[in-house]
Amino acid sequence: MKELLAAILALALQHPTMPAGMTHEAHLRQLQRDAELSKRGALAMGFDQDKTVHHFRTTASGGAIEVDVKDAADETVRAQVRTHLNEIAKAFAAGDFQKPFQTHAEVPPGVPEMQRLKGAIRYEYVDTPRGGAVRITTKNADALAAVHAFLAYQGREHGHGG
């Protein structure tokens, strides 16, 4: 009996619960898509996606991209996260959104507008206890809508909202 319970537990840990209303085939496609996103993300971002948690938050003046290490003692991944987010803040300010394209294999919503309105958007990198964040602010209504579209997409793709 113990072996059966151990086998069931191991299987449950290997495969996330299938969302209600989703077919088995659709669930397998989603798992494959998530694995591909994680692999591309690791290449583009320079750190293991499974060792971090992404948060994409919207605010009245913009929003934030936050990445935390799951293991607070993992100084290597925390340093990789901080390097990546610092680079992202600079790249986005210059209108360079190549990393999100590499990660998602498509241009995320909001990017063309964020590139066009780059002078109206401020990106600030900050360290956080478990990683880092890019704070995004703007006073331009069109830029704000684009930032919100971009962050909402990121949250859906990475499975974490704000």
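This is a predicted model: local features need pLDDT of at least 70, side-chain atom pairs count only at pLDDT 80 or more; totals for chains, interfaces and linings use all residues.
Which residue forms a salt bridge with Glu66, the closest N and O atoms being 3.2 Å apart? Select Arg135 and Glu66 to see the pair: Arg135 is the partner at that distance.

**Stop 1**

Keep Arg135 and Glu66 selected. Arg135 sits in strand β4 and Glu66 in strand β2, so the bridge links distant parts of the chain, 69 residues apart. Arg135 is partly exposed, with a relative accessible area of 32%. Glu66, by contrast, is buried at 13%.

Arg57 is partly exposed, with a relative accessible area of 31%. Through shared partners, Arg57, Glu66 and Arg135 join into one network of salt bridges.

**Stop 2: Asp127 and Arg82**

Select Asp127 and Arg82 next. Their side chains meet in a salt bridge, 3.6 Å from N to O. Asp127 belongs to strand β3 and Arg82 to helix α3; the two are 45 residues apart and the pair links distant parts of the chain. Arg82 is partly exposed, with a relative accessible area of 24%. The count of salt bridges in the model comes to four.

**Stop 3**

Move to Asp74, in the loop between β2 (62-69) and α3 (75-93). What is the nearest side chain of opposite charge to Asp74? Lys51 is, at 4.4 Å. Leaving aside neighbours within four places in sequence, Asp74 is in contact with Lys51 and Val69.

**Stop 4: the nonpolar core**

Select Ile65, Met114, Tyr123, Val134, Ile136 and Phe150. These are the residues with the most contacts inside the largest nonpolar core, which has 24 residues. In soluble globular proteins, nonpolar side chains tend to be buried together. Colour the chain by element to see where the core comes from: β2, α3, α5 (111-116), β3, β4 (131-138) and α6 each give two or more residues. Helix α3 gives the most, with six residues.

Zoom in on Ile136 and show what surrounds it. Apart from neighbours within four places in sequence, Ile136 is in contact with residues including Ile65, Ile121, Tyr123, Val147 and Leu151. Ser61, Gly62, Gly63 and Arg122 are also among the contacts of Ile136.

**Stop 5: the ring cluster**

Select Phe92, Phe97, Tyr123 and Phe150, which ring pairs link into a cluster. The model has four aromatic pairs by count. Begin with Phe92 and Tyr123, an edge-to-face pair at 5.7 Å centre to centre, with 75° between the planes. Phe92 lies in helix α3 and Tyr123 in strand β3 (residues 121-128), so this pair ties together parts 31 residues apart in sequence.

Then turn to Phe92 and Phe150. This pair is edge-to-face as well, at 5.8 Å centre to centre and 85° between the planes. Phe150 lies in helix α6 (residues 141-158) and Phe92 in helix α3, so the pair ties together parts 58 residues apart in sequence. Phe150 is buried, with a relative accessible area of 1%.

**Stop 6: Glu106**

Finish at Glu106, in the loop between α4 (98-104) and α5. Is Glu106 buried or partly exposed? At 35% relative accessibility, Glu106 counts as partly exposed. Show the surrounding side chains: not counting residues up to four places away in sequence, Glu106 touches Pro100, Phe101 and Tyr153.

Note on methods: Residues are numbered from 1 along each chain as its sequence is written. Side-chain values use heavy atoms; hydrogens and water are left out. Helices (H or I, at least four residues) and strands (E, at least two) are DSSP runs, numbered from the N terminus. Buried means under 20% relative accessible area, exposed over 50%, partly exposed in between (1.4 Å probe, protein chains only). Lys and Arg count as positive and Asp and Glu as negative; His and the chain ends are not counted. Contact means heavy atoms within 4.5 Å. Rings of Phe, Tyr and Trp (its six-membered ring) pair if their centres lie within 6.5 Å; planes under 30 degrees apart count as stacked, over 60 as edge-to-face and the rest as tilted. A nonpolar core is a set of buried Ala, Val, Leu, Ile, Met, Phe, Trp, Tyr and Cys residues joined through side-chain atoms within 4.5 Å.
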